[in-house]
Amino acid sequence: MQANAPPPIQCRDLSRSFGHAGARVDALEPVELHFAAGETTAIVGPSGCGKSTLLRLIAGLDTPSTGSVRIGGETPLQMRQRAALSVAFQDAALLPWRTVRGNIALARKLARLPPDPASVDRLIALVGLAGFEDRRPADLSGGMRQRAAIARCLISDPRVLLLDEPFGAVDELTRARLNHELPALWQGRGVTTLLVTHSVSEAVMLSDRVIVLSPRPARVVADIAIDLARPRATGAEADALIANVTEALAQSAPPRPQPA
Amino acid sequence: MTIALHQLRRRGADRFYPVLSALVALLMWELLARVFAQTYLIAGPVEISRYLWDHAGLVARAAGITTFAAAIGFVLGNAVAIALAVAAVLLPSLARLISALALVVFCLPLVATGPILRVIWGPGLGPQITLAALAVYYTTFLPLMVGLRAAPPSWFDLVRSYGRGRFSALVEVRAMASLPYLFAGLQIAAPAAFLGAMFGEFTGAERGMGVLTIRAMRSLDVAGTWALASTAAAISMLAYAGLGRLSRALNNGPPPLILAPVLEGERRARWRALLHPILVTLILLAIWWLSMEAANLSPFFAKRPADVWAFLITAPEAAAHRATLGAALLETLVLALPGYLLGLALGLGLAIVLVLAPKLARGVMPVAIALRAIPIVITAPLIVVALGRGPAGTITIVALMIFFPSLVACYQGLARTPRQVLDLFDSYAASPLRRMASAQFPAMLPAFFAAARMAVPAAILAATTAEWLATGRGIGGLMALTASTSGYKMLWSAVVVLAAVAVAGYVVVAQIERAVLRIYGAEQLTR
Ligand SMILES: Nc1ncnc2c1ncn2[C@@H]1O[C@H](COP(=O)(O)OP(=O)(O)OP(=O)(O)O)[C@@H](O)[C@H]1O
Ligand SMILES: [Mg+2]
């Protein structure tokens with residue numbers, strides 16, 4: 001496989017349970033998942049169903065209870081070690097003592113790449129944080145922090161992007177603008193992207209495929225291809241797909257009796 | 001404009017209250033000294049100032065020497081603390097062992113360690129510096145251990161997501177995240193270093209504040225004793241305030257609340273839970289024996305583990321030795337325990353009162369925080385001079401030693417109740433008492449227990465110091481006696497037994513803490 005081509009991601013029999021006998025929490029039932037090279041896949045599901053868990057397993061930040069993950073034939077650890085993978089964490093995970101610029105530059109340092117101040121500033125402008133380069137995270141709003149986190153993800157030029165609700169704290173208008181502008185940043189570069197989101201319309205607008213997960217323990221209840229031309233705009237076709245996904249989500253969550 | 005004015009007035013008031021309460025305290029002190037001049041031996045601020053004026057050169061020289069020894073001990077002790085904490089974080093499998101060893105060394109009774117260090121080091125600054133280092137390393141080690149682990153998991157995930165390991169996490173995340181904790185520890189360490197240096201001087205130093213204090217006390221020089229203790233307190237408070245300033249300049253944000261971790265450990269198989277203390281004990285004995293052998297110290301004063309074992313267990317008169325030691329220990333504990341409970345209860349009680357009466361708190365808390373910086377033990381001579389040699393004096397010293405740290409910890413713990421929880425109670429118009437009982441009190445428990453654990457060795461230190469310096473009773477008195485008659489076997493045995501008692505007390509409090517916190521919310525269990 002070429003070093004610069006986006007890799008496919010293969011999850012075999014992947015599952016994760018927390019705790020021990022007696023107080024066991026199954027977060028993820030064994031799943032088989034394949035994400036094609038260069039595709040953007042959105043993952044939607046009710047809160048607490050195991051989306052972050054799935055992402056962490058794929059990044060190799062957590063050890064699966066069963067099964068394995070292969071990214072283009074490599075293990076997640078190998079991918080991470082050559083800095084070919086970036087994660088945008090649900091809570092942004094910006095270091096409070098570093099400025100926006102410093103936080104983004106840190107990713108290059110951790111990835112053992114030479115410093116590149118020009119690209120840092122370009123990305124900061126792209127995510128709409130120009131003028132805030134020297135502010136610390138405490139001075140930013142939740143949405144601004146998430147945008148800084150996305151810029152940090154992109155600065156190491158990864159082949160795999162794992163985004164955990166990257167727009168969760170962003171208002172609708174900004175979200176629409178980011179949905180419009182940001183994907184161009186990575187879709188042009190050949191990146192395999194997984195995007196966890198709570199917004200069905202965002203999932204449909206951004207991705208090539210939407211996976212709907214059931215409440216915990218997560219199973220795949222629907223797998224919907226999004227064959228819309230890019231750049232995308234709202235319209236009848238998109239609305240139909242949105243309705244599809246919404247219905248799958250609703251059906252995935254029948255009022256089940258809670259285990260005691 | 002009005003808002004700015006209001007704020008200005010507010011800020012003025014915030015400065016004004018502490019100054020006012022300090023003035024009131026000074027005035028009351030002077031009054032007490034005058035009223036009770038015949039009954040108790042108290043020197044007031046005026047008399048103290050006169051003494052200091054007359055003996056300025058002498059006191060300044062002594063203070064200089066003691067501060068010098070304290071500063072070197074401070075640097076060495078903290079360097080060891082930082083190295084230990086970093087090692088524990090980089091080698092997690094050794095963390096428990098390192099923490100346990102650190103705790104045991106912390107539980108060594110400083111008073112008795114002094115004379116032993118004196119014969120080992122001979123004349124000079126050796127014992128002062130060693131004791132200052134011993135007095136500070138744990139107060140830095142503990143918060144640093146908390147601080148190095150205080151970062152949210154996603155920060156570590158970030159480092160790992162670029163394939164980097166523990167070392168990068170230490171440099172990029174832990175180091176900075178632990179800074180406020182480090183400074184909180186250093187701040188408490190500064191007065192402790194001074195205390196340690198003074199202790200070293202109690203036992204055969206030529207010069208320094210400790211020497212002058214002993215001399216003044218022995219000659220019943222009331223003004224001198226009070227003046228020296230006030231000077232020591234002032235230096236400690238200055239160091240405390242200076243480090244606080246430095247810390248605020250370097251870190252923005254409020255200082256963290258330090259919840260000292262219970263000896264950490266997940267649920268383990270029973271045999272491992274048993275094995276661990278045995279392993280720690282064996283390693284300690286090995287370190288003890290090896291260091292004595294390596295330094296080639298004379299077996300006359302540098303006793304080995306086998307000597308203590310023989311003295312207490314296998315020697316023909318072992319039963320008599322045990323009886324002497326046991327009786328003395330009992331005599332001490334009978335005073336230390338009430339003082340411990342009294343100090344904790346008073347600290348907790350006043351903290352609750354202050355939270356219910358915030359106006360009062362604004363005046364009292366800054367003074368209480370300042371007083372926490374005073375190593376209370378150095379006031380032991382005063383209290384004995386004032387209250388006499390009966391049980392009241394010793395109990396008061398122990399209670400005072402524990403009161404201030406407990407008050408500050410409980411108050412900060414109560415203030416830590418999450419805002420949303422308080423808002424919830426307010427939205428139901430709950431009474432302040434109800435809010436205290438249902439929300440603030442449970443939120444404070446971890447801070448309270450952290451203080452209660454740290455107070456165990458402190459209580460033993462206070463009790464034995466009072467006995468050593470003043471009353472001559474209990475195990476402190478026994479140690480003073482054996483130190484002056486070169487009864488090193490008994491002295492070493494007393495050190496071992498006292499350290500074991502302190503560790504046992506710490507573990508008992510930790511067990512109570514676990515049980516209580518399990519009821520009051522497992523999420524509050526500090527690891
Ligand atoms: N370290 C852990 N220990 C125990 N249980 C965990 C752990 N991490 C996650 N869980 C449990 O696994 C389940 C799934 O968690 P996860 O964070 O993956 O959900 P999520 O789908 O990302 O939710 P959200 O949309 O709210 O972010 C939850 O029930 C959670 O309690
Ligand atoms: Mg999540």
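How many nonpolar, polar and charged residues does the shell around ligand 1 have?

Reply: This is a predicted model, in which local features need pLDDT of at least 70 and side-chain atom pairs pLDDT 80 or more, while totals for chains, interfaces and linings use all residues. Residues are numbered from 1 along each chain as written, chains are lettered from A and ligands numbered from 1 in written order, and side-chain values use heavy atoms, without hydrogens and water.

The shell around ligand 1 has 7 polar, 3 nonpolar and 3 charged residues, where Asp, Glu, Lys and Arg count as charged, Ala, Val, Leu, Ile, Met, Phe, Trp, Tyr, Cys and Pro as nonpolar, and the others, with Gly, as polar. These 13 residues surround the ligand, each having a heavy atom within 4 Å of it. The closest are A:Ser47, A:Gly48, A:Lys51, A:Ser52 and A:Thr53. With 3 residues, helix α1 (residues 51-59) of chain A gives the most to this shell; helices (H or I, at least four residues) and strands (E, at least two) are DSSP runs numbered from the N terminus.

A polar side-chain atom of A:Thr53 lies 2.6 Å from one, and a polar side-chain atom of A:Ser47 lies 2.7 Å from one. For A:Glu165, a side-chain N or O atom is 3.3 Å from a ligand oxygen. Polar contacts of this kind are N or O pairs within 3.5 Å. On its own, ligand 1 has 640 Å² of accessible area, and the protein covers 62% of that (Shrake-Rupley method, 1.4 Å probe).

A:Asp62 forms a salt bridge with A:Arg16, with 2.9 Å between the closest N and O atoms; the criterion is a side-chain nitrogen of Lys or Arg within 4 Å of a carboxyl oxygen of Asp or Glu. Over all chains, the whole structure has 15 salt bridges.

Two loops of chain A have backbone features to inspect. In the loop between β5 (85-88) and α3 (100-110), A:Ala92 has a positive phi, near 70 degrees, and is not a glycine. The loop between β8 (209-213) and β9 (220-225) contains A:Pro217, and the peptide bond from A:Arg216 to A:Pro217 is cis, with omega near -5 degrees.

How values were computed
Polar contact = N/O pair within 3.5 Å; in protein donor to acceptor, adjacent residues only side chain to side chain.
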